[in-house]
Amino acid sequence: MKHNFDEVVNRVNSGSLKWDGIEERLGIKDKGLLPMWVADMDFRTPQPILDAIKEKTEHGVLGYAGGYDEYFETIVNWMKHRHQWEIQKEWIVFGGNLVSVLSRIIRTFTKPEDKIIVQSPVFATFFHIIQDNGRQVVNNPLKLNGKSYEMDFDDLEKKFDPKVKLMLLCSPHNPVGRVWSQEELIRLGELCIKNNVLIVSDEIHAETVFKGNKHISFGSISEEFSQNSIICTSPHKAFNMAGLEISNTIIPNDSLRKSFENMLGSDGINKPNLLGIAALKAAYTECDEWLSQAMDYCEANYRFLCKYLKDNIPEVEAIKMEGTYLVWLNCKGLNLNHKVLEERLIKEAKLLLSQGYTFGEGGNGFVRMNIACPKLTLEEALVRLKKVVSNM
Ligand SMILES: Cc1ncc(COP(=O)(O)O)c(C=O)c1O
């Protein structure tokens, strides 16, 4: 079946953060903005997921959920068929939204003042959850090599010290669009083991990968790596169901898992939500075809964007994407201070993108654009961008 990703679904007044939460979250009052910031899709969520939720509501009783065997089985099968990693049911620890899980992981495995490594530019919330928990950020910035980013292992080696306890790995990487190779992950994993650093691999973007690239789940690489890592997964990004707040953390190491379960227990987190369970099961069993077409569509959007920029706005360059649906745009050719760039994009282009400087060191002069939207929306965004650039 061919799905129609060209359909423009009106999300205004639907309770969407991206469309309705702009003033609330960012304090910007303009109703005429085209929002391409928050990382969810403007596509309709796959029908099997909507049907599964409907079935639950039509049953008519929305009481406490229980009887999770099939739920965990579904995740085991998904990891096997999608990521070629054979996990045990017992390794899966349920969580709500992934940010809350990451924050609890930080509290469980580090103490105040401990250091945590991140690789900027990176998902801005990483910085907040480290600092808000009273831990210190240690940055190992990514290096831009031509149109693509790579890890800087020489710098990383210099950053380890006994206070560094944990590394937050973003894999695939938001916002630079890298799908890390096996070689890169192995080098990283070995350095972390040598320096007693636990790897927390945020794999929320694991399934949004462009053709010719393969996401490798960190824990699948070796027994040694799986014992020194926590793998965070969720159907949120791939199946456009972030509003359901459901994620699963895979912790093969018994002692790490017990510690984390204790932390969750003390916060009263012990069961997935009823609608989230139904949605996840449908996502992981009935939506492969939808996902493959959605990613083909995003990839076509990316190609369209690159050509449009080359032909019309050569001052702005798209970084090479291997995965996610978030394009990292290099705007340094515009020669604007990052605050001026932000102001002109919002006030003149009426375009709401994620501002590069919020992603930490290396982000200035860049913006992130979410292209999981109908081509028509992307075209409109590019026309707005072109108009404002031609007036500069
Ligand atoms: C790398 C990464 N982790 C976590 C999240 C947020 O996940 P959640 O909505 O489940 O808290 C995002 C959202 O964009 C993300 O890009």
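The questions and answers below concern a predicted model.

Q: Which two domains does the assignment give, and how many Å separate their centres?
A: The domain assignment gives domain 1 as 17–45 + 288–390 and domain 2 as 50–286. Taken over C-alpha atoms, the centres of domain 1 and domain 2 are separated by 25 Å.

Q: How many residues does each domain bring to the contact, and which element supplies the largest share of the side of domain 1?
A: The contact takes 26 residues from domain 1 and 32 residues from domain 2. On the side of domain 1 that touches domain 2, at least two residues each come from α12, β12 and β15 (366–370). The largest share of that side is three residues, and the element that supplies it is α12.

Q: What is the make-up by class of the side of domain 1 that touches domain 2?
A: Domain 1 gives 26 residues to the contact. By class, the side that touches domain 2 has six charged, eight polar and twelve nonpolar residues.

Q: Which elements do the buried residues of α12 pack against?
A: The buried residues of α12 are Trp 290, Ala 294, Tyr 297, Cys 298, Asn 301, Leu 305 and Leu 309. They pack against β11 (317–318), β12 (326–330) and α14 (375–390).

Q: Where does the largest nonpolar core lie, and why?
A: The largest nonpolar core has 107 residues, and those with the most contacts inside it are Met 167, Leu 168, Val 200 and Ala 279. Helix α11 (residues 274–286) gives the most to this core, with eight residues. Because domain 1 and domain 2 both give residues to this core, it lies between them.

Q: Is α11 mostly covered or uncovered, and what does its covering include?
A: Of the 13 residues of α11, ten are buried, so the helix is mostly covered by the cut-off of 20 or more other C-beta atoms within 10 Å. Among the buried residues are Leu 275, Ile 277, Ala 279, Lys 281 and Tyr 284. What covers the buried residues of α11 includes α3 (47–59) and α4 (69–83).

Q: Is Ser 234 buried or exposed?
A: Ser 234 is placed in the loop between β9 (229–233) and β10 (247–250). Not counting residues up to four places away in sequence, Ser 234 touches Leu 98, Ile 204, Ile 246, Ser 247 and Asn 248. Because 29 C-beta neighbours lie inside 10 Å, Ser 234 counts as buried.

Q: How many residues surround the ligand, and which are the closest?
A: The shell around the ligand divides into seven nonpolar, five polar and one charged residue. The ligand is surrounded by 13 residues, and the closest are Ala 39, Asn 97, Leu 98, Val 99 and Asn 174.

Methods
Residues are numbered from 1 along each chain as its sequence is written. This is a predicted model: local features need pLDDT of at least 70, side-chain atom pairs count only at pLDDT 80 or more; totals for chains, interfaces and linings use all residues. A residue is near a molecule or strand if its C-beta atom, placed from the backbone, lies within 6 Å of it. Ala, Val, Leu, Ile, Met, Phe, Trp, Tyr, Cys and Pro count as nonpolar, Asp, Glu, Lys and Arg as charged, and the others, Gly among them, as polar. A residue is buried if 20 or more other C-beta atoms lie within 10 Å of its own, exposed if 12 or fewer, and partly exposed in between; C-beta atoms are placed from the backbone. Helices (H or I, at least four residues) and strands (E, at least two) are DSSP runs, numbered from the N terminus. Two residues are in contact if their C-beta atoms, placed from the backbone, lie within 7 Å. Domain bounds come from an automatic or database domain assignment. A nonpolar core is a set of buried Ala, Val, Leu, Ile, Met, Phe, Trp, Tyr and Cys residues joined through C-beta atoms within 7 Å.
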